[in-house]
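Here is a friendly walk through some side-chain contacts and surface patches. Have a look at the structure first, and then we will go through them together.

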Amino acid sequence: MRRNTIIYTVLILLFIILYGCSSDPEAPVIGRFKDSTYVPDAGETFFYSEILQHSIVHLSTNVGGHCSFLKLGWNKGLKFETLLLDFDFDSLVNYIGKTVSKVTLKFPVRMYPGNFDLKIGLYELNGPFSEDDSLLSGTAPTWADTQIPDSLGFVSERILRAGSLEFSIASDIVQNAIDGTGDLWENGIAVHLEEEPDSMGFYEINSADTLADLEGGPIALIVEFEDDTTNAFFGVKRDYSLVSYDNDDLALLGGVATRIYFEFNLEGISDSATVNNAELVLNVDGSGGLGASAGEQELLGATLDFYYYLYSPDVADALDPSFREGTGVDEGVFYPEVTGELRFPLKRYTEDILDGSRINYGLVLQSDLEETRFQKALFYSGDVDSLMPRIEIIYSMPADFDGEK
Amino acid sequence: MKRYIRVILFLYITVSFSAAAKGQSIFSLNYIGEHRFRGGARSTALGLSALAVPDSNMAITMNMATLSALSRMTLSVTERLHMGYVAYRDEESHQNRFSFPSAVVAAPLMEGLVFSIGYRTRFEGRADFSLPGELIGKPGYSSASPPIEEYELDSSLYSVPFGLSWRINDKISIGGEFQFERGSIRDGVTIVFDNYDYGVSYSERKRIFSGTSWAFSFLARPHPRFFIAGVVDGQVDYSVNEYIKQSRSEFNSSDSWGFTLPASYSIGVAAGLSERWWFTSAFWQRNAPDAAGFSVFEGALGTERLFAIGLERRINKESNSRLSRIPLRIGYYEDIWHMEIPSGEPVKSRFFTVGSGFGIPGGEGALDYAFEFGKIGSTENNGIEETVLRFSVSMGISEAWKRRIIEKH
């Protein structure tokens, strides 16, 4: 009995001592040795910031524009002043020998600002356009100097307002095409604003890419004949909203391939540095941002998120086709209509640059919806360091084990 | 016997894997760590002066020649708890740590000839601390997290001795050991941030030590109440392989060199003042080792010396008094470390010790314990000092070394 008592008493005591004792941290008393005899010394940690050289790159070819709604009007620094329309007249031959009585342009407006009208004009295009190219005002084909006349043969005032509209067109234009005595808008037509809008806002019209089950269908030319109760329907096969914006802005646009190209050199960072964190820092000016139009929100359920894609191009020359491709660095969403700081993670990318496994061709930021939705993100680019586009890197040097105190 | 083995194994494993199983004094994170003298709790209670004290119960002693007195197979384990209060300038810290247990098992091959094998730590150090770092070049507008520098030291140089002790006659015993010397010193430095999105930077240096050495000792009894002993622990020529790992593996490196730990010499006496009162004393010395691999200690390493005295009142088995059946041990020692912090100012340990023990009922072993109270270093000379209370316990169990008899029915 006594033997067991002793043993178990010792056991219990040791357990109490073992689990009951606790230590304070060695620091800061360790400072006595840390400053003199304790050899390992953590490497220094640095904050590196480089203001980025930036440029706007507009890729005009091989980047399509297939938005659900065509737009006219001004808002958020975006000026949609022209629509390009190209109709499908392949079935026109079916109506040879018939007499045209009436021609109207069906213009299905799906969303409107509600507080102002837009005066528009219709013009025949002088040259072709492709939906598969990214077009801006100035790079698109020109159009005729005079408007397409109305049914009376005059250039009437055409007003864009709420609802599904119809604009009359001179019937002889179609009649001549049926008779083979004239061309019917070989390159399509342009719908152009005739005056500056009184207020900010977009008229949104169904496009050829609008989902078929949406109300109204696309823009179409409706032709009525004198000897037949059946109307001919010539829908739009290609359409495009031309946009312009202030070229001085540091802006990223979807809907057209307007990207931002950042260049930096990372000079001053040691080759042996370990990157703890690296970020591309941009400051959003929410007043100039557009996540989605009203029509896209209400009719398509789109959110205001700006979908971005950040990549490292394969070449540094923006004119080289390889510039539009590269290695993805980051992708995600942000709110372009909310002012604030954005940080894009670049840790792995900068590690690759520093260890030489990747060539530094800079970074390109683009909309990930640039073929399907007009979006705009506006960034500060003024003289204030804290607001300028920059790359921030926190890196540390290897520990020093040499003991040179 | 089996029960005690289970108890000892349980304690050994528990302490070994305990998160609290750290090093010794806070001074131990420098150089190759803190030197641990061999011996159990009885030796400690006598102020490390028990070089010439024969012990018929324990296999862990300061002098392997004393093992020749063992007549039974004996397993001994010693464990030490270190509780320190560190003062540096206006800062203070309480440090409680366990050391890795040492263990020896000894088996008599024939009367007066004992074989032993064990494990003992020569030097050890362990620390785990963090310091705030500076984020150099951070502009005022940035809210970037400053770094935190985390340091981790884990060092242990240990011996696995294979020994033979021989009692030549009633007056003299000798012992010899061949020791495998192994161990490593690992320094890890990690830079972390409060912001968990930031990656960490890790650097590690690991030095792996390996070598062999010899040790010889004797215990002589020229007079029934006078013992004299000496131990020579041979020079250890370590080969050191160093590996440095970095977060970026392309900067990893390795190196190797030699590190010599000079031989140590010790001599001690035990004199019986009466039948029960014994005075003990010992002197131990090892010349300054080199600073290879520790350039910061170039010119700051000196000879280590230990001066120790002790007084023991042994038990009187014949007495009916309970107090007379309890041994009493007191001692004092001063250890002058190899390290000089700063150069020219050696670190000194001064400890008063007290302890006792009792035999495990049934005569199968003993349990000794000791308390040490003292200081390591001094604020005046070394800029930092540690006030220390240590508790050591040694448990020894033994069993007659004979063939098992199997009953047949």
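## A buried charge pair in chain B

Let's start with R42(B), which is buried, as its relative accessible area is 13%. Bear in mind that the model you are looking at is predicted. R42(B) makes a salt bridge with E312(B), and their closest N and O atoms are 3.0 Å apart.

Where do the two residues sit? R42(B) belongs to helix α2 (residues 41-45) of chain B, while E312(B) is in strand β15 (residues 304-313) of chain B. The pair thus links distant parts of the chain, 270 residues apart. Both residues also take part in a network of salt bridges, together with D55(B), R314(B), R329(B) and D368(B).

## Two further salt bridges

Over all chains, a search of the whole structure finds 38 salt bridges. One in chain A joins E337(A) to K76(A), with 3.7 Å between the closest N and O atoms. E337(A) is partly exposed at 28% relative accessibility, and K76(A) is partly exposed at 23%.

Back in chain B, E385(B) pairs with K375(B) in a salt bridge whose closest N and O atoms are 3.1 Å apart. E385(B) is in strand β19 (residues 385-399) of chain B and K375(B) in strand β18 (residues 365-376) of chain B, 10 residues apart. Here E385(B) counts as buried at 17% relative accessibility, whereas K375(B) counts as partly exposed at 38%.

Which residues form a negative surface patch? They are D24(A), D90(B), E91(B) and E92(B). Of these, E92(B) is found in strand β3 (residues 91-98) of chain B and is partly exposed, with a relative accessible area of 49%.

There is a nonpolar surface patch as well, of about 430 Å², made by I330(B), V354(B), F371(B), F373(B) and L389(B). V354(B) lies in strand β17 (residues 346-360) of chain B, and at 41% relative accessibility V354(B) counts as partly exposed.

## Aromatic pairs

The aromatic rings are worth a look too: the whole structure has 43 aromatic pairs over all chains. In one of them, the rings of Y38(A) and Y151(B) have centres 6.1 Å apart and planes at 70°, so this pair is edge-to-face. Y38(A) is in the loop between α2 (31-34) and β1 (45-51) of chain A, and Y151(B) is in strand β7 (residues 147-167) of chain B, so the pair joins two chains. Y38(A) and Y151(B) are both buried.

Another edge-to-face pair is formed by Y95(A) and F234(A), at 6.0 Å centre to centre and 80° between the planes. Y95(A) lies in the loop between β4 and β5 (100-111) of chain A and F234(A) in strand β13 (residues 228-244) of chain A, 139 residues apart. Both of these residues, Y95(A) and F234(A), are buried. Ring pairs also connect Y95(A) and F234(A) with F87(A), F89(A), W185(A) and F225(A) in a cluster.

Notes. Residues are numbered from 1 along each chain as its sequence is written. Chains are lettered from A and ligands numbered from 1 in the order in which they are written. Side-chain values use heavy atoms; hydrogens and water are left out. A salt bridge is a side-chain nitrogen of Lys or Arg within 4 Å of a carboxyl oxygen of Asp or Glu. Buried means under 20% relative accessible area, exposed over 50%, partly exposed in between (1.4 Å probe, protein chains only). Helices (H or I, at least four residues) and strands (E, at least two) are DSSP runs, numbered from the N terminus. Patches are made of residues with over 30% relative accessible area and no salt bridge: like charges are joined within 9 Å, nonpolar side chains (Val, Leu, Ile, Met, Phe, Trp, Tyr) within 5 Å. Accessible areas come from the Shrake-Rupley method with a 1.4 Å probe; for residues, only the protein chains shown count as cover. Lys and Arg count as positive and Asp and Glu as negative; His and the chain ends are not counted. The place of a charge is taken as NZ of Lys, CZ of Arg, CG of Asp or CD of Glu. Rings of Phe, Tyr and Trp (its six-membered ring) pair if their centres lie within 6.5 Å; planes under 30 degrees apart count as stacked, over 60 as edge-to-face and the rest as tilted.
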